[in-house]
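Dear colleague,

Please find below the structure that I am handing over to you, followed by an account of what was found in it. I would be grateful if you kept the model open while reading.

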Amino acid sequence: MPVSRLVVKIGTTSLTTADGEFRAGIAQALVQGIGAVRRIGVEVVVVVSGAIALGVRRLAVARPAETTRLQAMSAVGQIELLGQLALLFHANEMEVGQILLAPQDFGDRRQYLHARATLQELLRLDVVPVINENDAVANEEIRFGDNDRLAALVAHLVHADLLLLLTDLPGVYDADPHRVSGARLLERLEVDEFERVQALGSISGRGSGGMSSKLAAASIAARSGVDCLIASAETASVIEHAVQGRPHPSTHIPALGVRESARRLWIAYATDPEGRLVVDDGARRALRSGTASLLAVGVREVLGRFMAGASVEIVAADGEILARGLCRLDSSAILGSRAIAVHRDDLALLNAAEVDDHAEPLR
Ligand SMILES: Nc1ncnc2c1ncn2[C@@H]1O[C@H](COP(=O)(O)OP(=O)(O)O)[C@@H](O)[C@H]1O
Ligand SMILES: N[C@@H](CCC(=O)OP(=O)(O)O)C(=O)O
């Protein structure tokens with residue numbers, strides 16, 4: 001299928017050196033690639049990472065572990081990141097507009113519609129939207145923690161045809177090549193084959209997601225009806241090749257023929273569960289039907305302490321993970337209650353092959 005709208009995500013490891021310097025050469029090549037595909041009519045939305053790494057370098061401190069300090073680093077580095085990128089875009093005769101999104105924006109319908117309207121307006125004005133996570137104000141508990149998922153949710157938001165995740169390796173391997181010698185690149189991977197991959201977090205100390213967050217992003221994309229390619233930012237003409245077919249080497253994760261709601265994908269892949277509900281067989285069957293809410297009477301055990309509104313994992317007694325959802329009750333109020341624990345609107349089944357009655361048809 002020809003690509004008319006592309007979301008390209010460029011990771012920290014591509015845009016910064018190990019010392020936290022901005023990699024102007026790579027950035028310049030990618031901006032030129034974006035210019036080239038725009039000239040053949042492809043609309044492009046860019047998601048970038050690297051604010052924290054640049055901020056750490058600017059303030060000449062060690063990379064902090066503490067969230068508030070990381071957020072402060074991001075506030076400093078974001079200015080440099082967008083400043084450097086804006087210079088490159090302007091030099092290549094493109095206008096850019098910055099959007100900082102928080103994860104909650106995908107859980108709140110009004111915020112979601114606001115973000116979508118602004119993005120659409122930027123595209124109408126022929127401006128390239130450049131997005132990063134709004135680290136400085138993101139809620140610690142439910143941060144994305146990485147921009148891969150953010151990019152995938154943005155791909156859903158703008159009805160992209162393709163999500164291109166650019167990183168430091170040519171794609172997904174069966175194991176992390178930085179840790180396992182002889183790891184093999186997987187050229188094509190279906191969402192239900194992810195167990196073939198030993199995907200681990202980043203060890204670069206700069207990027208935060210690693211390959212596991214890229215696979216989560218690919219799942220979101222697939223369930224949004226969007227194809228996903230994972231490739232190296234250093235592959236020559238990678239953006240041009242991605243819209244014309246595919247770059248070699250790369251990993252292609254094909255779209256599923258559904259478009260689930262963004263809110264559901266946010267619940268499934270971008271919230272951090274604060275507890276677990278172990279449910280009985282009747283509740284498991286009801287959940288599997290895809291149309292039922294989880295009633296508190298079907299919950300056998302509650303693990304963890306959380307307040308109403310928290311994200312929870314829903315598991316069967318044999319340990320099978322069934323779903324994620326936002327629980328309407330405090331953890332202490334579930335057992336013995338006859339109320340709805342997780343409403344079907346706040347529930348996301350975790351099996352990609354599920355039938356989703358809320359799925360919107362593809363456009
Ligand atoms: N199965 C895998 N295949 C490829 N890379 C993997 C795998 N598992 C873990 N990784 C790690 O993911 C890293 C890329 O993620 P990350 O450092 O977060 O980059 P980015 O900044 O581009 O998001 C790779 O450098 C690699 O060490
Ligand atoms: N918002 C953060 C993103 C960190 C992050 O997700 O990094 P990466 O794994 O490289 O996409 C930043 O700009 O530093």
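The elements that cover the buried residues of helix α9 include the helices α5 (109-124), α6 (147-157) and α7 (210-223), together with the strands β11 (311-316), β12 (321-326) and β14 (347-349). Helix α9 spans residues 262-270, and eight of its nine residues are buried, so the helix is largely enclosed by the rest of the structure. The buried residues of α9 are Ala262, Arg264, Leu265, Trp266, Ile267, Ala268, Tyr269 and Ala270.

Please bear in mind that this is a predicted model. The protein has a mean pLDDT of 90, and 92% of its residues reach 70 or more. Over residues 352-363, however, the pLDDT is below 50. In the model, this stretch has 26 contacts beyond near neighbours in sequence. For the complex, the predictor gives an ipTM of 0.97 and a pTM of 0.91.

At what angle do the axes of α3 and α4 cross? Helix α3 (residues 51-58) and helix α4 (residues 67-91) have axes that come within 6 Å and cross at roughly 95 degrees. Because angles of 65 to 115 degrees count as roughly perpendicular, α3 is roughly perpendicular to α4. On the α3 side, the contact is made by Ala51, Ile52, Ala53, Leu54, Gly55, Val56 and Arg58. Helix α4 contributes Leu70, Met73, Ser74, Val76, Gly77, Gln78, Glu80 and Leu81. Of the residues in this contact, nine are nonpolar, four are polar and two are charged.

Yours sincerely

Note on methods: Residues numbered from 1 in each chain as written. Chains lettered and ligands numbered in written order. Predicted model: local features only at pLDDT ≥ 70, side-chain atom pairs only at ≥ 80, totals over all residues. Axes fitted to C-alpha atoms, helices over the stretch in contact; angles between N-to-C directions. Helix = DSSP H or I, 4+ residues; strand = E, 2+ residues; numbered from the N terminus. Parallel < 35°, antiparallel > 145°, perpendicular 65-115°, else oblique. Contact = placed C-beta atoms within 7 Å. Nonpolar A, V, L, I, M, F, W, Y, C, P; charged D, E, K, R; others polar. pLDDT = per-residue confidence, 0-100. Buried ≥ 20, exposed ≤ 12 C-beta atoms within 10 Å, placed from the backbone.
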